[in-house]
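Please look over the sequence and the model below before reading on. The paragraphs that follow take up helix packing, then the nonpolar cores, and finally some backbone details.

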Amino acid sequence: MSTFVISCGGTGGHLSPGIALAERLTAKGHSVRLLISRKEVDSRLMRKYPQMQTVEAPGAAFGLAPAKLAKFLLSQVAGFLFALNFLQQNRPDVIVAFGGFMTVGITLAGYLRGVPVVLHEANRKPGRAVRMLSGFARRIYLPPGVRLRGLPPQALRHCGFPLRQEIRPLPRDAARVRLGVPVEGKVLLVLGGSQGAQSLNNWVSHHFGKLAAKGISVICVSGIGKGSGGLIECLDAQGKRRVARMLPFCDDMAALLSSADLAVSRAGAGSLAEFIRCHLPAIVVPYPHAADNHQAENASYFERQGGGLVVDQEEMVRLTDEVLELMFNDFLLESFRRNLERMEHSNSLDLLLHDLEELGAESRQYAAGELPATV
């Protein structure tokens, strides 16, 4: 069996697929350590997986503001030195990195230590870390149909987004009971990503009355630090109770996704993959300040494949009308659900696992002197 280090901290979009991969590798008997950040979003999600081995490493997100840029650069130096020391004491067979600010130090340190590095890019527009570090990696996994200039053919693989085992459709009524929303009627799920989106939170606060009047309840994951949780109650036109439940954080994604008839969400790769898995149509609002505007690429592909609609941030004035029109268009919703079912890549994680196990076996043979250095 092989030993893997998975670098996946910083955001839910990096951490969730790392956990998904760790679940499957561990189930097959491999040893896995997750390299995570010291951010609250990481520690909150990892509390659900106490059986997993984690290591916290230094790191800070990139920013152009002088103070933020200085913090980022210092953290990258600290992260690189930390990774060198860590690999000296805990040499794995393979390093898997899911992008973001946690990726640079461990990738460079792994390359210098002679450990095979694998990069996974979830977005349809590869990020800075993956573009910059691709030359140091043995494998680069990209979404189907995405290319990266300059990659040798033998390094490129295509696969989907690894999802945790718990992300699966549940009975709708049971999911709504678990989340404390009315079983009868329509439910809208609003997601701003792992850290929330203030503009979507504000939209819920300002427009819930209009939604409730039409018989729609709302579950909004508002994000840690972007407002307290709470419950808003209204009566619809028939005098029935409708609620808007505001949750700063929720680790019961299966219930969230299964409870809703429609989602309004940012266009992170992880969120879109979860909608596909649970066949939940969505109106996606790409975050306009995402690095390299990658959410716009994700959203456009999702819409072209027939999973839902796109509303740009500057056009949010029409979001309420779009929600009301789509929520009660059962024919179109069912069409979206069929397209989402078609989009699901159920074997993507199996393909990734098989390739990683082969790399791990090669790495062990090389370390034992059974293979030449060219492998």
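Helices α3 and α4 are oblique to each other, in a model that is predicted. The angle at which helix α3 (residues 66-89) and helix α4 (residues 103-113) pack is about 40 degrees, and their axes are 8 Å apart; an angle counts as roughly parallel only under 35 degrees, and the pair is therefore called oblique. The crossing of α3 with α4 is right-handed. On the α3 side the contact includes Gln76, Phe80, Leu84 and Leu87, and these belong to a group that meets residues of α4, among them Val104, Ile106, Leu108 and Arg113. By type, the residues of this contact divide into nine nonpolar, five polar and one charged.

A further pair of helices can be described in the same terms, since two packed helices are described by the angle between their axes and the distance between the axes. The axes of helix α7 (residues 198-213) and helix α11 (residues 319-327) come within 11 Å and cross at roughly 45 degrees, so that α7 and α11 are likewise oblique to each other, and their crossing is right-handed. Here Trp203, His207, Lys210 and Leu211 of α7 make contact with Leu319, Thr320, Asp321, Val323 and Leu324 of α11, a set that divides into five nonpolar, two polar and two charged residues.

In soluble globular proteins, nonpolar side chains tend to be buried together. The largest nonpolar core of this model has 33 residues, and those that touch the most other members are Leu189, Ile219, Leu256, Leu257, Phe275, Val284 and Phe302. Helix α8 (residues 253-259) gives the most to this core, contributing five residues. Phe275, when residues up to four places away in sequence are not counted, touches Leu191, Leu257, Ala263, Ser265, Leu280, Ala282 and Leu340. There is also a second, separate core of 28 residues, which includes Leu35, Leu84, Val104 and Val117; of these, Leu84 and Val104 also take part in the contact of α3 with α4.

Most residues other than glycine have a negative phi, and most peptide bonds are trans. His279, however, has a positive phi, near 55 degrees, and lies in the loop between α9 (269-278) and β13 (282-284). With a relative accessible area of 23%, His279 is partly exposed. Asp292 also has a positive phi, near 60 degrees, and is found in the loop between β13 and α10 (294-304); at 25% relative accessibility, Asp292 counts as partly exposed.

Methods: Residues numbered from 1 in each chain as written. Predicted model: local features only at pLDDT ≥ 70, side-chain atom pairs only at ≥ 80, totals over all residues. Heavy atoms only, no water. Core = buried A, V, L, I, M, F, W, Y, C linked by side-chain atoms within 4.5 Å. Buried < 20%, exposed > 50% of the residue type's maximum accessible area, 1.4 Å probe, protein only. Helix = DSSP H or I, 4+ residues; strand = E, 2+ residues; numbered from the N terminus. Contact = heavy atoms within 4.5 Å. Axes fitted to C-alpha atoms, helices over the stretch in contact; angles between N-to-C directions. Parallel < 35°, antiparallel > 145°, perpendicular 65-115°, else oblique. Left-handed = near helix turned anticlockwise from the far one by under 90°. Nonpolar A, V, L, I, M, F, W, Y, C, P; charged D, E, K, R; others polar.
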